[in-house]
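Keep the 3D view open as you read.

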Amino acid sequence: MRVLQIDHPLVAHKLSVLRNRATHSSVFRQLADELVTLLAYEATRNVAVAPVEIETPVTTMTGTRLTNPKPMVVPILRAGLGMLDGLTRLLPTAEVGFLGMVRNDETLEVSTYANRLPEDLSGRQCFVLDPMLATGHTLIAACEYMHERGARDITCVTLLCAPEGLRNLEEALDPAIDLTVVTAAIDEKLDERGYIVPGLGDAGDRLFGVVD
């Protein structure tokens, strides 16, 4: 497993504003979108490409195009939806699937309540979007689900990670998965409730409001 923490002043600035409890949801959504675009630049560095012959106004040349099958972008509902535009802005031809997952606040276990993915993900580069890698249970379940459908090349894009979650992810997943985690920051720890410290709170609530 590779972990890439993006060291860039704009990433640090935008993340600091996101962490601030006084930041309004509308600003939070905008900055999360901008931050994910910066993360996506690095997350897509190894996207599969092939040569293609093109004609410029001056001459012919060999350019570059994305290969088939198209990349698959998978936001984890609901918080991952706030990251979708930021990544598809750089990969507009990618296909989008969805996984609905919820964590039990008592047991910290994850259950899947919805999915919209192809039955066969063989040969696909998959980009999983989830703002917080806390215990890692959600991303473990998502990666296992996609691996069962043939995915081998998976990149997880997150705003924040906890060290415990990264360890759990590496220990739990099949080493046959070519797994990369791209994140804006690796925080200090998890608290007794499984929240990242210092963190930024519940990303879903801060993006979309509290839903009872």
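**Salt bridges, a patch and a buried helix**

Arg-19 is partly exposed, with a relative accessible area of 24%. Bear in mind as you look that this is a predicted model. The side chain of Arg-19 meets that of Asp-187 in a salt bridge, with N and O 2.7 Å apart. Since Arg-19 belongs to helix 1 and Asp-187 to the loop between strand 11 and strand 12, the pair ties together parts that are 168 residues apart in sequence. Asp-187 has a relative accessible area of 9%, and because buried means under 20%, Asp-187 counts as buried.

The model has nine salt bridges in total. Another of them joins Arg-2 and Asp-178, whose closest N and O atoms are 2.7 Å apart. This pair also links distant parts of the chain, with Arg-2 in strand 1 and Asp-178 in strand 11, 176 residues apart. Arg-2 is partly exposed at 44%, and Asp-178 is partly exposed at 33%.

Strand 1 also holds Val-3, which is partly exposed at 37% relative accessibility. Together with Met-1 and Ile-186, Val-3 makes a nonpolar surface patch of about 210 Å².

Now turn to helix 2, where you will find Asp-33. Asp-33 is buried, with a relative accessible area of 16%. Beyond its sequence neighbours within four places, Asp-33 is in contact with Gly-82, Asp-85, Gly-86 and Arg-89. Gly-82 and Gly-86 are among the buried residues of helix 3. Six of the eight residues in helix 3 are buried, so this helix is largely enclosed by the rest of the structure.

Note on methods:
Residues are numbered from 1 along each chain as its sequence is written. This is a predicted model: local features need pLDDT of at least 70, side-chain atom pairs count only at pLDDT 80 or more; totals for chains, interfaces and linings use all residues. Side-chain values use heavy atoms; hydrogens and water are left out. Helices (H or I, at least four residues) and strands (E, at least two) are DSSP runs, numbered from the N terminus. Buried means under 20% relative accessible area, exposed over 50%, partly exposed in between (1.4 Å probe, protein chains only). Contact means heavy atoms within 4.5 Å. Patches are made of residues with over 30% relative accessible area and no salt bridge: like charges are joined within 9 Å, nonpolar side chains (Val, Leu, Ile, Met, Phe, Trp, Tyr) within 5 Å. Accessible areas come from the Shrake-Rupley method with a 1.4 Å probe; for residues, only the protein chains shown count as cover. A salt bridge is a side-chain nitrogen of Lys or Arg within 4 Å of a carboxyl oxygen of Asp or Glu.
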